[in-house]
Amino acid sequence: MLKPENIKQAMEYRELIDVLMADDRFADVVLYNGNVINVITREVYTADIAIKGDYIALVGDCQSLIGPDTVVVDVRGKYLSPGFMDSHMHFESSMLTITEFSRLSIPSGTTTLIADPHEIGNALGSVAMKAMADECSVVPNYVRLQVPALTPDAPKLETAGVDVNSKDMEDLLNYPNINGIGELQGYSLTKHVYKHTPEIITDLLTSTIYAKSLGKPVDGNAPELFGADLASHVIACGGKCSCHETTTKEECVEKLRQGVYVFMREGSTQRNMAECIRAVTEEGLDSRRLILVSDDMVAEDLEKSGHMNDIIRRTIREGVDPIEAIQMATINPATYWGFTDRGALLPGTVADIAVISDLNEMTVEAVFIKGQLVASQGQMLIEMPKYTYPDSVKNSVRMKPVTEADLEIHADGNTATVRYIQAIPDQNLTDGGEAQVRVNRGVVEADVNQDVLYLTCLERYGRNGNIGKCMVKGIGLKQGAFAQSIAHDTHNMTVVGTNLRDMVIAINRVIEMGGGVAISNNGRVINELALPVGGLITDELTGQEVSAKIADLESTVKDQLGGTLHAPFMHVSFLALSTSPKFKISDKGLIDVNNFEILDPVVK
């Protein structure tokens, strides 16, 4: 029996046929005489686009479809592209709700978002992911979620707020606006998972095979995997998967040869496209399985630089033909997702269209969603809805206030050799090393002259009170500290600082706010941002307000604390990503990712 949405589409398609075949039925809108970008044939030619309701009726000569009430938009000299898709992103990284993210994203031509609520899923489980899925229904753009099959990613190495596994999949995968399973990080460390926690593989297969039975896709997560490791990961995903953790040309070539859809990540702090695209520009490989994604973007970048149009622009600058680059954000992802109603300007597809004035610079002049002009000259033309998150996804910080003694790293003697994590700009990969530091009354001291600072990760959900401690290089603080209820992917509390006093003040302020970011110096909080939704998102500020606030917070870290790393909050949050090589911090301690073990922060 047909579902109501199927009946509705049948009626809409009948209207399209009437417009095309009847003498007295006409299009609602005709985009007249534009340069149509055909992502099927990879060419540009002059044509009109006729729109009826939500859909494209005809691409070609549409003169006969213009009636007395048809809105004719002259787009001579402009390029008409399918609306862009971001196939892998996390709203939580922007600290924005779906609505506010969309407000910043739509004017630059991105009309489809496939988001992974892995972050809020780790914090609060199914209840929060369903709340986010509900918000997908109120925005004008097309938004769908890929939910995690496992939280935390590495149960023996970290603590999440809620444990998610295969028992949750039937409920989640049948919930409205949930499209499939997100990045399979639980089997990123293939050898170690197989050896130490083989039960995870069975549980993940239970989830992925169920998703496949529903016709729903499963995303992979395969950093630095080759050969048998990569093959086993692909099979765990159900035989077809993506990977957004590819960082070298060699990796990209290997994954393309194994049938993986490579999501070339180009976000605010992780930029891998330039290396991956060499598989095309140098090795001549087919680009049909290459897809551009952002993964993680801050509000300021969305507002000032754009979204997928900016990523396409960067790809063009790497020597890729503009139409081929556009394919990587339109028809390529549509093919991966199995979307037959979007991704190309064709009869019967949704009329999501970006009007571009400069092809090489990807300057988006106007945006249509479902045939309606929704943005022009970088400004939204329609009112965005207001979605209120339920109280059940708030108050997620349940830890007790801390003292300096809780954060101390102890060692004997006057000096100690400590292990540190080395942050790498624009990567979530890290390195590590050892440094000699002073010990004062049995407590290890940070050394700003060596840029060896304290890094702590505290379990914030009230489950066990764990506190992981180590040192870090690459943040560059000269004084003070900052704390945040953000730490991919379990999103415990992370804090980096030059001294324990300011670290404690920042942590306790985040606890008081119920989640957020706090910066402290000289014994007081000097800047802050509350993130009440899961400790990750604000539903109290607009996208523009969050953009301005994050810029203000980052300026405080740079100008008052001496920080040298751009986007410091996002960079520090990825220092806790336990499935990404080489060294990370969790609530259980300093993790040697490559060897699946927890290390003492002091070399004995």
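The report below treats the cores and then the cysteines.

This is a predicted model, in which local features need pLDDT of at least 70 and side-chain atom pairs count only at pLDDT 80 or more, while totals for chains, interfaces and linings use all residues. Residues are numbered from 1 along each chain as its sequence is written, and side-chain values use heavy atoms, with hydrogens and water left out.

A nonpolar core is here a set of buried Ala, Val, Leu, Ile, Met, Phe, Trp, Tyr and Cys residues joined through side-chain atoms within 4.5 Å, where buried means under 20% relative accessible area (1.4 Å probe, protein chains only). The largest such core has 94 residues, and those touching the most other members are Phe91, Leu455, Ile475, Phe482, Val496 and Leu575. Its largest share, six residues, is supplied by helix H5 (residues 126-136), helices being DSSP runs of H or I with at least four residues, numbered from the N terminus. At least three residues come from each of domain 1 (84-342) and domain 2 (394-599), with bounds taken from an automatic or database domain assignment. Another core, of 40 residues, lies apart from it and includes Met308, Ile331, Val367 and Ile369.

With a disulfide defined as a pair of cysteine sulfur atoms within 2.5 Å, the count comes to zero. Two cysteines illustrate this.

| Cysteine | Closest cysteine sulfur | Relative accessible area |
|---|---|---|
| Cys241 | Cys237, 4.1 Å | 2% |
| Cys243 | Cys241, 7.3 Å | 1% |

How values were computed. Buried means under 20% relative accessible area, exposed over 50%, partly exposed in between (1.4 Å probe, protein chains only). Helices (H or I, at least four residues) and strands (E, at least two) are DSSP runs, numbered from the N terminus.
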